[in-house]
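The following report concerns a single structure, shown below.

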Amino acid sequence: SPTVYEIKSVKDKLGYVYMELIIGRDGVKFKKNCAVKDVNRNIRMLDEDRLAIFDVDGNRYIVQSLSGLSKKSLKRLEPYLF
């Protein structure tokens with residue numbers, strides 16, 4: 001699964017959460033837009049510091065370390081962490 005390095009924006013609209021992410025694998029980073037429905041089920045804590053995001057297309061993105069995210073990224077994501 002690609003790693004999430006940054007969360008550029010989060011918008012909540014009509015039951016969906018639209019995210020603009022900077023993701024990557026093997027040192028290559030790129031921008032990805034995704035939509036998440038049913039945030040309670042599709043944004044999950046894996047352990048104390050790791051998070052998985054599942055989008056409507058069935059893709060999975062991993063935040064390897066919440067403490068490693070920038071303060072802005074974490075602030076954008078916080079309302080959806082339960």
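The whole structure, searched throughout, contains one aromatic pair (ring centres of Phe, Tyr or the six-membered ring of Trp within 6.5 Å; planes under 30 degrees apart are stacked, over 60 edge-to-face, the rest tilted). Tyr16 and Tyr18 form this pair, which is tilted, with 6.1 Å centre to centre and 35° between the planes. The model is predicted: local features need pLDDT of at least 70 and side-chain atom pairs pLDDT 80 or more, whereas totals for chains, interfaces and linings use all residues. Residues are numbered from 1 along each chain as its sequence is written, and side-chain values use heavy atoms, without hydrogens or water.

| Residue | Relative accessible area |
|---|---|
| Ser1 | 43% |
| Tyr16 | 27% |
| Tyr18 | 37% |

Ser1 is in contact (heavy atoms within 4.5 Å) with Arg25, Arg60 and Ile62, leaving aside neighbours within four places in sequence. Ser1 and Arg60 are 59 residues apart in sequence, yet their C-alpha atoms are 6.0 Å apart.

Beyond neighbours within four places in sequence, the contacts of Ile43 include Met19, Ile53 and Tyr80.

Key
Buried means under 20% relative accessible area, exposed over 50%, partly exposed in between (1.4 Å probe, protein chains only).
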